[in-house]
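Please look over the sequence and the structure shown below before reading on. The paragraphs that follow go from the whole chain to its surface patches and then to its charged pairs.

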Amino acid sequence: MVQKNLTELLSQLNVQSNNSEHVDAAKTCKELIDNGCSKEGEVFRQWLVALIKQDKYQAAFDLIKHYKDLDNRHGSEFVLEKLYVYYKLNSVHEFEQVYKTYSEHVTNKNQMERGILHIRAQFCYKNGINKEAHEIYEHLSESNKDEADDNSELLCNILVPLTADPKLSETWANLKHEITDMLSSEKSYDVLFNYSIILVALKEYELAFKVLDKAHELAVPEGYQNDLDTIELQKSYLLQITGQTVQSKEILKPLLDRLVPGSPLQLIANSNYHAFVDYSKFTTNFDLLLRQINQERFYSYHLQKYTHEQWKLINNNLLFLNLFNNNQINRKETILAKTLHNYKNLIDNVAIEPYKTQAKKLYHFTMQSIDSGINGSAIGNLLLTVQLLVVEKQYDNAIRICENFLSKSGYAEKSPKLFDQNHLVVCTILFQLYRMSSRIGNINRLVAILEMLPEEYINDNSSFWIYVAYEALANGNIEKSREILQRLSTDQTNITPEQNELINAVLSSSESAFDEAVRLVEDIDVEQIRSAGIRPIAPKSAEKSATSILRAQKKKLDIKKKKKRTARANKFLAKREVVKKNPDPERWLPLKDRSSYRVNKKQAGKTTQGGASSKKIEQALDITKKNTASKSGKGKAKPKKKGKGRK
């Protein structure tokens, strides 16, 4: 084959051709690289671009691996293309490695290419790193003075991470008011759509409906059917979570009819439609259900078509369906998958085995896993075990397992070393369990231990600490409740207006309020009420002691009755003579073969000619016994006595 001229090959390299000759461009790049051109880095970059234009991301990934030496020499010339390929395939390890190498040569974000920052932000959002994604888009928006990017698109991208976590915004507490102010002036339905998702996360459903209606109104003239279908799907979901199931179904049915079967949007709509059915672990055909929602197609899309939050919910639902279908669950990277994997290995059949047995098995397994360490799936095992123990009303074991978890962080020594989100969840469960089992002293002890935590723990989890303060207030510990709320009020950045009202409701109640309460009851004549026969309300401790006395008395009566019943039975049995008989030595033989067996008349009549009806008849017919008897002289027949008769 005659080698082509290098200039001729370069002239054929036109990736941006109007005729979409990306296939020919890729072939040309391959020939140039194989022939050893001087600009290997630039040609290889164009080769990757040609494959990206054809959506052949796996082929581009394999190409980078195949030309590893070329990547080592000229990799800095096509960093953007490599990152984009890794982002589309969600190759986390490769993406992080390339981005780390690139960022080491750049001192700050201002020196980075805007394209690389865009890809990094999209990658972070896809993998749930919402904080970094939000920071990158805010930086891109602030540095967009020359309007390199569209401002409305940048605003939309800034809002996307907030749909997963609204608290990323510094002004998240006032987001509701900001969105209300922008509703009349905003002209982009993409921005309004993201606003609606943020409002759903903030549980502002009424305002979310208004924003969605406005977004739909603006999207209709544009005519993009996929965007209209997405808005319709979000509206049906909003109706579903607010309990308006009939209206939600009315939107989903025509939506499912016009969506392409197997498309990412159709799979979500189909899954939402099946969520209206009440499933039973005993009667539902989960195999058929998994086929109807197209489990295999969901797994094929994974994070390539869905966001991190979407895939998290979808994967959790699929895991539970496989659990109740008694399928094997793989131990994946998520805590839920690891927990259900352990659960399935311990329990033979989740749908059939009783909860009491499940609770017992999981209790011992979780205690051992917590003793080994509280990292990994220990928190998942604990939550599942506590749920089963509460169903069986085994509150003491549930409390014991939670306290064992907290003891690994210095709970018992009243010196917590590290309290992350898992520990706060366990503390909340403990408060509920103490309340259910009337352990008021334990509640006060837990409040005292939590109060010793450093200031940063309180500022980062305002909702939890408001709950702790109100628990202390419910137990009459007003001083500790005020101390906790006073520490919260010093930093208002993470506190919503609703939470601020709860804090002020306690802090604003001064001593004069308590004096007013005393003044209202000081004129009551207690002695007169008692003389009228009205009994005062006894405290819980007195009620508990009274019930314990009644239980002790009942226990004594039960023991007394049992003794009387035993004595009466012994007296009754003493009057009866028990005749002791030796066991029959022939008890192992069949009934017909025993010597004591007697044949009925009916059975005797049924015997055939030559047949023996009993053992005696068999012995009588035995010739050998007769011969031995005659030889011994004992077998001679005695002469008959002549009786008196007629002559």
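A patch, as the word is used here, is made of residues with over 30% relative accessible area and no salt bridge, where like charges are joined within 9 Å and nonpolar side chains (Val, Leu, Ile, Met, Phe, Trp, Tyr) within 5 Å. This is a predicted model, in which local features need pLDDT of at least 70 and side-chain atom pairs count only at pLDDT 80 or more, while totals for chains, interfaces and linings use all residues. Residues are numbered from 1 along each chain as its sequence is written, and side-chain values use heavy atoms, with hydrogens and water left out.

The secondary structure of the protein consists of 35 helices and zero strands, where helices (H or I, at least four residues) and strands (E, at least two) are DSSP runs numbered from the N terminus. Of the 647 residues, 36% are buried, a word that stands for under 20% relative accessible area, with exposed meaning over 50% and partly exposed the range in between (1.4 Å probe, protein chains only). Among contacts (heavy atoms within 4.5 Å) with a separation of 6 or more, 56% are between residues 24 or more positions apart. The accessible surface comes to about 41,200 Å², and carbon and sulfur atoms hold 52% of it; such areas come from the Shrake-Rupley method with a 1.4 Å probe, and for residues only the protein chains shown count as cover.

Which residues make the nonpolar surface patch of about 540 Å²? Leu 520, Val 521, Ile 524, Val 526, Ile 529 and Ile 534 do, and helix H30 (511-521) and helix H31 (526-531) each supply at least two residues of this patch. Ile 524 sits in the loop between H30 and H31 and is partly exposed, with a relative accessible area of 45%.

A patch of negative charge on the surface gathers Asp 146, Glu 147, Asp 150, Glu 153 and Asp 190; here Lys and Arg count as positive and Asp and Glu as negative, with His and the chain ends not counted, and the place of a charge is taken as NZ of Lys, CZ of Arg, CG of Asp or CD of Glu. Asp 150, in the loop between helix H9 (130-142) and helix H10 (151-164), is partly exposed at a relative accessible area of 39%. Asp 229 in helix H14 (residues 225-241), by contrast, counts as buried because its relative accessibility is 5%. Leaving aside residues up to four places away in sequence, Asp 229 touches Leu 255, Arg 258, Leu 259 and Leu 265.

Side chains of opposite charge can pair when their charged atoms come close. A salt bridge is a side-chain nitrogen of Lys or Arg within 4 Å of a carboxyl oxygen of Asp or Glu, and by this rule the count is 12. One of them joins the side chains of Lys 82 and Asp 71 (2.8 Å, N to O), and this pair links distant parts of the chain, with Lys 82 in helix H6 (residues 79-89) and Asp 71 in helix H5 (residues 68-74), 11 residues apart. Both Lys 82 and Asp 71 are buried.

Another salt bridge is formed by the side chains of Glu 132 and Arg 120 (3.0 Å, N to O). Because Glu 132 lies in helix H9 and Arg 120 in helix H8 (residues 114-126), the pair ties together parts that are 12 residues apart in sequence. Glu 132 is partly exposed, with a relative accessible area of 24%, whereas Arg 120 counts as buried at 5% relative accessibility.
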